[in-house]
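Student: I would like a close look at one part of this model, its pockets. Please take them in turn and stay with what the coordinates show.

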Amino acid sequence: MARRPIVVRKYWRTVFGVTCITLLFWVSFRLVSLLRSYMVSLDPKDWEGKRDGCSCPNSDHTAAEVLSKESQKLRNFAFERWQQREKIVRPSPPLAVCPSDSPLQFVSSGLEIEPMQSINLAGLAVKTSGKSILYWNNPVELTFTSVRGFGVLLLTSRLRVTVDGNSTQRMTLSVTGDTRKLKALNIVLKGVLYQSTVAVYDEWDTIEIRFIDSVVHMHIRIRRQPLPYLYKTSSVSPPIHERVTIVTKTFERYNKLNRFVDSVFKFYPSMTIIVADDSVHFQTVKKTNVLHYEMPPQMGWFAGRNLAASQVKTEYLVWADDDFVFNEKTKLELFMEKLDKVELGLDLVSGHVGTNGYCGTCILLGKNNESHCVTVMSGCNRGPVRGYPQCVQVDRPMNFFMARTKSIQQIGFDPHFKNIGHSEFFMDGYHTLKSACCSDVSVDHIRGGSAFYMKNRKIDGQLLADYRTYIAFKYNIRCLSIVT
């Protein structure tokens, strides 16, 4: 049999090789995609590491399913405006890259001043073993530049030095003679100041320093410092009712509300209880230390929570539903103990509700350039609280908690959420609210209500659809997944 020409054999070998390589790449890509999907469902830390090209496992709904094209266009417009605003009110610190061979010692970041104030460029000095640069015949120059133009450079030293551009955004020092000696040069550098000249509220300026053939950058944060917000008490160790207020929202459940109030006063007889009430058939609750606020009927959960929280005058508040019942394990002092430990940095501590031992969930965010992927993962946590093995950090704790009043008031409750709403408050506070759940405090939960209450509490298909549309728009959600 005649053999095929060599050219033909090489052609088919090449085709076979290219096909095999293409198939190998395709299989590898599919395996990586499957592995990522598998990892998403296992560990929130693994999932959150994948910020680009995010997706939701077992998605409950996507933006494309609940938002019209017109709504998506409006959302994109609103998101662009939000991004522009965030860059101004919440500027990101600049990257600090420190050259390894620079003769300059400097502080790359950590300097902070009030607007219109001045500061020394702390830590700036020449540290070099090659001291020959200080004995050249030519002058040694250092040039300082305010890159963003939020301030000017000043020199206060009286040593022999030539200054060009003193009190401007670009200042050059030319040192000659004895001033070039290392010790004298560093004294000159201690006299260099940065003066803020623009009334910004929270911004970063970068000082570029050129010395010989070296260029370094010092980053200075310019922002207004907040005034303290202090709560006055009768003594250094006041009774708990001077530091804590209990708040609740009620609707058409006066038997539950009265039982709840009585259970609180059984253990904390002097505690103030604030009640926000949007019942249709309003009944005044006349009890000592109960502040009962009548709302327009059926304003909803979050409107009521806003009202109740706005009236708190103590450092801490306790949120509880009107069908909760305090018992011997409802030890509010244990909540306060954790919040008082400032080194923990907690804003909120929750306990167990009922006997199920459930503690909370994680809210996992993925992000691409256009939208967010949200996964609410039940039963997971962010790790233990240092020194309290009975406590874990969570993103969305239970609906029974003690929190710093100011933290709650700064976030607020979105009144759009009337019959549905709990996770949404913690999504609003995702970037600021540090929460924990502890098993050493619990409260009883006895559900129920009248037929009228149950009818108004019912969540129908239209209400759920409106809810999904609203959160898809508000949070710029690409998809939402609930993992139980």
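How many nonpolar, polar and charged residues does the lining of the second largest pocket have?

Tutor: The model is predicted. By class, the lining of the second largest pocket has 12 nonpolar, six polar and eight charged residues. The volume of this pocket is about 1,000 Å³. It is lined by 26 residues, and those closest to its centre are F79, W82, E86, H372 and H431. Two or more lining residues come from each of α4 (69-89), β19 (360-367), β20, α10 and α12. Helix α4 gives the largest share, seven residues.

The largest pocket can be described in the same terms. Its volume is about 1,300 Å³, and 50 residues line it, with W301, N419, G421, H422 and R457 nearest its centre. The elements giving two or more residues to this lining are β1 (59-62), β13, α7 (301-310), β20 (372-378), α10 (423-428), α11 (451-457), α12 (461-474) and β26 (477-483). By class, the lining divides into 21 nonpolar, 15 polar and 14 charged residues.

T248 has a relative accessible area of 0%, so it counts as buried, the cut-off being under 20%. Leaving aside residues up to four places away in sequence, T248 touches L257, F260, I274, V275, A276, A308, W319, A320, D321 and D322.

Technical notes
Residues numbered from 1 in each chain as written. Predicted model: local features only at pLDDT ≥ 70, side-chain atom pairs only at ≥ 80, totals over all residues. Heavy atoms only, no water. Buried < 20%, exposed > 50% of the residue type's maximum accessible area, 1.4 Å probe, protein only. Contact = heavy atoms within 4.5 Å. 1 Å grid on protein atoms, 1.4 Å probe; cavity = no way out; pocket = protein on both sides within 12 Å on 5 of 7 lines; lining within 4 Å. Points joined across faces, edges and corners; volume = space filled by probe spheres on them. Helix = DSSP H or I, 4+ residues; strand = E, 2+ residues; numbered from the N terminus. Nonpolar A, V, L, I, M, F, W, Y, C, P; charged D, E, K, R; others polar.
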